[in-house]
Amino acid sequence: MTVHIGAEKGQIAETVLMPGDPYRARWAAEKFLDGAELVNEVRGMLGFTGTYKGNRVTIQGSGMGMPSLSIYANELIRDYGAKTLIRIGSCGGMQPQVKLRDVVIAMTCTTVGTPSNTIFRELNYSPCADYSLLEAAVASARTRDVGVHVGGIYSSDTFYDERPDLNEQMTRHGILGVEMEAAELYTLAARHGVRALGIMTVSDHLQTGEALASDLREQSFGDMVEIALDAAFA
C-alpha cells in the first residue's frame, strides 16, 4: 500500500489505464474487463483490476490535472511496477476537422508547465508518446467507425482558462485538442523508462462551443477504451 493507493502488492497489473474520473474507471472496468475487482478506494479514487482477452489490466482513476495525475502515476510506477500507462479521458477540440466523439491520439504534448518543471528548470522538455503504443493505437482506431486524429495536444492545468490569445496560438500551430494530464504522464514515463500514451474522446469544442451532455460522454467513450486495450497488448 502507498499513501494514495490501498492495493496490496500484486493487485496492480503492469498495464494501467488511467481515466481522470474514478466513476469512469468503474464504468470501464465493468464494461470491458472480466473478473474486475475493486483494488483501491482511498480518497474515493477508485481502481479495479481484471483481465482483457486474458491479459491483466488495472483501471485506476487519476483525478483532474497534472499534479493529481503525477501522484498516482509515480506510485503506480515506483511502488507497483506498472510498465504501460495509458490515459483515457476527454478533451476539447481545437481544430475545425476535429468533431465531437472523435478520438484524438496524442503524439506530443505542449504545456505551459507541469509538476516536473522544477527538475528541468530552464529546459523546455518535449514530452512525447511511446511509439509502439502510438502505432498500435492508430492501427486499432483505423479498424473502427470513428474519426481519429493523431498529432499534438495541449495539456493545461487551468480548466477555466482566461487566455484566449493562448488558445488562438495553439489552434494556429495545429494543436488538435486540450486536456489536463497527458504531458506529465509522458514526462514521468520517460523518466522511469516505461511506456505511456494518451487517447482522448472529443467531448466539447473550443471553436464551435458544442459539447456532449454528461450521459452521452460515457456512452461515446467505448471506442477509446477498446483502442487503449488493443494498443497495450498488440
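Ser 62 sits in the loop that joins strand E4 to helix H2 (66–80); helices (H or I, at least four residues) and strands (E, at least two) are DSSP runs, numbered from the N terminus. This is a predicted model, in which local features need pLDDT of at least 70 and side-chain atom pairs count only at pLDDT 80 or more, while totals for chains, interfaces and linings use all residues. Residues are numbered from 1 along each chain as its sequence is written, and side-chain values use heavy atoms, with hydrogens and water left out.

With a relative accessibility of 1%, Ser 62 counts as buried (buried means under 20% relative accessible area, exposed over 50%, partly exposed in between, with a 1.4 Å probe and protein chains only). Not counting residues up to four places away in sequence, Ser 62 touches Met 18, Pro 19, Gly 20, Met 45, Ser 68, Leu 69, Tyr 72 and Glu 181; contact means heavy atoms within 4.5 Å.

## Ala 213

Ala 213 lies in the loop between E9 and helix H7 (214–219). Its relative accessible area is 38%, so Ala 213 is classed as partly exposed. Between the C-alpha atoms of Ala 213 and Ser 62 there are 22 Å, and the two residues are 151 residues apart along the chain.

## The chain as a whole

The protein chain has eight helices and nine strands. Its radius of gyration is 16 Å, close to the 17 Å that the globule rule gives for 234 residues, so the chain is as compact as a globular protein of that length. The radius is taken over C-alpha atoms, and the rule is 2.2 Å times the number of residues to the power 0.38. Along the principal axes, the C-alpha atoms fill a box of roughly 45 × 45 × 30 Å.

Of the 234 residues in the protein chain, 54% are buried. Among contacts between residues at least 6 apart in sequence, 78% join residues at least 24 apart. The accessible surface comes to about 10800 Å², and carbon and sulfur atoms account for 48% of this surface; areas come from the Shrake-Rupley method with a 1.4 Å probe, and for residues only the protein chains shown count as cover.

The chain carries 20 positive and 29 negative charges, whose mean positions are 3 Å apart. Lys and Arg count as positive and Asp and Glu as negative, with His and the chain ends not counted. Each charge is placed at NZ of Lys, CZ of Arg, CG of Asp or CD of Glu.

Leu 76 belongs to helix H2 and is buried, at 0% relative accessibility. Leaving aside neighbours within four places in sequence, Leu 76 is in contact with Ile 5, Ile 12, Val 16, Met 18, Gln 60, Gly 81, Ala 82 and Leu 85.

The buried residues in H4 include Leu 133, Leu 134, Ala 136 and Val 138. Among the elements that cover the buried residues of H4 are strand E5 (84–93), strand E6 (103–111), E7, strand E9 (195–205) and helix H8 (222–232). H8 is itself mostly covered, with eight of its eleven residues buried. Met 224, Val 225, Ile 227 and Leu 229 are among these buried residues of H8.

## Ser 156

The loop between strand E7 (148–155) and helix H5 (164–172) contains Ser 156, a buried residue with a relative accessible area of 5%. A polar atom of the Ser 156 side chain lies 3.0 Å from the backbone nitrogen of Thr 158. Beyond neighbours within four places in sequence, Ser 156 is in contact with Met 66, Val 178, Glu 179 and Met 180.

## Exposed positions

Lys 53 lies in the loop between strand E3 (47–52) and strand E4 (55–60). Although Lys 53 is not a glycine, it has a positive phi of about 55°. At 65% relative accessibility, Lys 53 counts as exposed. Arg 121, in the loop between helix H3 (117–120) and helix H4 (131–141), has a positive phi near 55° and is likewise a residue other than glycine. Arg 121 is exposed, at 70% relative accessibility.

Gly 35, in strand E2 (residues 34–40), is exposed at 60% relative accessibility. Thr 49 and Gly 50 are in contact with Gly 35, leaving aside its neighbours within four places in sequence. Gly 35 and Gly 50 are 5.1 Å apart in space, C-alpha to C-alpha, and 15 residues apart in sequence.

Notes
Polar contact = N/O pair within 3.5 Å; in protein donor to acceptor, adjacent residues only side chain to side chain.
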